[in-house]
Amino acid sequence: MKKKSIITRVLTVIALGLLLTGTIVASKTSVGAAYTPDMSNGADNFYKSNKITMKKVEFKNQYNMNVAGNLFIPKGLKKNTKNPAIIVGHPMGAVKEQSANLYAQKMAERGFVTLSLDLSFWGESEGQPRNAVSPDIYAEDFSAAVDFLGTRSFVDRERIGVLGICGSGSFAISAAKIDPRMKAIATVSMYDMGAANRNGLKHSQTLEQRKKILEEAVEQRYVEFTGGETKYTSGTVHELNENSTPIEREFYDFYRTPRGEFTPKGSSPELTTHPTLTSNIKFMNFYPFEDIETISPRPMLFITGENAHSREFSEDAYKLAGKPKELYIVPGAGHVDLYDRVNLIPFDKLESFFKENLKKR
């Protein structure tokens with residue numbers, strides 16, 4: 001196989017809960033070819049509401065990078081009034097068109113101004129190299145979204161909440177610890193991206209495996225510093241076979257089929273969901289749950305599926321968080337189920353949480 005025909009991946013790197021090995025072969029990549037996605041329980045990632053208006057927006061973060069977002073406003077909203085708002089962050093490796101837009105629209109239908117955003121280095125937001133990992137900048141993007149919303153004439157800057165899905169749950173928590181303008185924090189199917197990369201799910205990764213990942217990543221820095229090809233890691237597999245794990249199948253069903261596949265302009269299906277190898281190890285230094293109790297007395301809601309492979313992260317955060325806090329378990333739901341299955345996603349719970357905690361004081 002010619003070197004230029006493949007994008008190699010480091011062995012045993014864990015991210016998004018997947019233990020991945022081997023290579024991504026560009027010539028074999030296809031989007032759900034001969035595969036029927038599971039559209040049960042109302043899977044509707046690309047939902048379009050006729051009850052709201054949507055406007056593409058851009059704003060600067062403190063690193064002078066353009067952050068792209070979609071602003072959703074309920075039809076009939078009185079622009080001369082101050083309204084509550086919610087920032088919605090997408091899963092790690094995804095973009096706002098995957099899960100975040102759905103949540104933002106559903107919450108806008110319930111009366112909130114909402115903003116889904118692309119994290120820096122992903123989607124339509126700026127940042128080079130593409131698909132780079134920078135937890136600090138990701139958290140800054142949430143604060144920059146508060147800057148943007150808090151300067152809109154129709155938003156009450158004292159009533160801004162944040163909702164993070166999957167990896168964005170940990171980025172939102174990281175941001176909220178140092179940004180008290182975020183008045184209510186909710187997470188759905190949260191991943192602690194630091195713990196997932198350091199330890200693996202249920203602490204399945206050894207210290208020696210972690211060191212091997214670090215060694216390969218820093219060696220790759222020399223390759224790329226001298227002009228060599230960029231390597232990408234983890235993310236979602238591009239093919240399934242008889243040896244594919246249940247978690248691989250779960251993510252594939254969303255990211256590699258028409259159920260949830262989305263390739264941003266300037267990217268390619270070969271690269272979607274895959275962070276760069278050399279930057280992904282920055283998650284090893286990411287500890288979002290350290291000092292999580294300092295967010296109190298601002299309320300926190302942790303939503304996870306009964307059968308979610310990521311459930312441990314929501315449970316860990318709940319144990320460490322200060323009051324008020326709530327852990328809400330969705331019966332029968334897995335991790336990815338809560339990305340887009342509208343019959344399982346507890347929108348009523350989210351509505352009541354934000355209405356109570358973003359009401360006028």
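Start by selecting Ser-99, which is buried, with a relative accessible area of 0%. "Buried" here means under 20% relative accessible area, "exposed" means over 50%, and "partly exposed" is in between, using a 1.4 Å probe and protein chains only. Now look at the backbone: Ser-99 has a positive phi of about 80°, although it is not a glycine. You'll find Ser-99 in the loop between strand 7 and helix 1 (100-108). Helices (H or I, at least four residues) and strands (E, at least two) are DSSP runs, numbered from the N terminus.

Before moving on, a note on what you're looking at. This is a predicted model, in which local features need pLDDT of at least 70, side-chain atom pairs count only at pLDDT 80 or more, and totals for chains, interfaces and linings use all residues. Residues are numbered from 1 along each chain as its sequence is written, and side-chain values use heavy atoms, with hydrogens and water left out.

**Zoom out**

Show the whole chain as a cartoon. The protein's secondary structure comes to ten helices and twelve strands. Its radius of gyration is 19 Å, close to the 21 Å that the globule rule gives for 361 residues, so the protein is as compact as a globular protein of that length. (That radius is taken over C-alpha atoms, and the rule is 2.2 Å times the number of residues to the power 0.38.) Along its principal axes, the C-alpha trace spans about 60 × 40 × 40 Å.

How many of the 361 residues count as buried? The share is 60%. Contacts, meaning heavy atoms within 4.5 Å, also tell you something about the fold: among those between residues at least 6 apart in sequence, 74% join residues at least 24 apart.

**Stop: Ser-234**

Phi of Ser-234 is near 45°, a positive value in a residue other than glycine. Ser-234 sits in the loop between helix 5 (207-225) and helix 6 (246-255), and it is buried at 1% relative accessible area.

**Stop: Ser-310 and helix 8**

Next, select Ser-310, in the loop between strand 11 (300-305) and helix 8 (311-320). Is Ser-310 buried or exposed? Ser-310 is buried, with a relative accessible area of 0%.

Leaving aside neighbours within four places in sequence, Ser-310 is in contact with Ser-189, Met-190, Tyr-191 and His-335.

Now follow the chain into helix 8. Its buried residues are Glu-312, Phe-313, Ser-314 and Ala-317. What do they pack against? Colour helix 4 (193-199), strand 11 and strand 12 (325-330), and you have the answer.

Go on to Pro-324, in the loop between helix 8 and strand 12. The peptide bond from Lys-323 to Pro-324 is cis, with omega near 0°.

**Stop: strand 9 and what follows**

Select Gly-164, in strand 9. Gly-164 counts as buried at 0% relative accessibility. Which residues does Gly-164 touch, not counting those up to four places away in sequence? Show Gly-89, Gly-169, Ala-186, Thr-187 and Val-188. Gly-164 and Val-188 are 24 residues apart in sequence, yet their C-alpha atoms are 6.4 Å apart in space.

Then step to Cys-166, in the loop between strand 9 (155-165) and helix 3 (167-178). Cys-166 also counts as buried, at 0% relative accessibility.

**Stop: Thr-81**

Thr-81 is in the loop between strand 6 (66-74) and strand 7 (83-89). Thr-81 is partly exposed, with a relative accessible area of 29%. Show its side chain, which reaches the backbone oxygen of Lys-78 at 2.6 Å. Leaving aside neighbours within four places in sequence, Thr-81 is in contact with Ser-153 and Phe-154.

**Last stop: Pro-129**

Finish at Pro-129, in the loop between strand 8 (113-117) and helix 2 (135-150). Show the backbone here: a cis peptide bond joins Gln-128 and Pro-129, with omega about -5°.

Conventions
A polar contact is a pair of N or O atoms within 3.5 Å; within protein, one must be able to donate a hydrogen and the other to accept it, and residues adjacent in sequence count only if both atoms are side-chain atoms.
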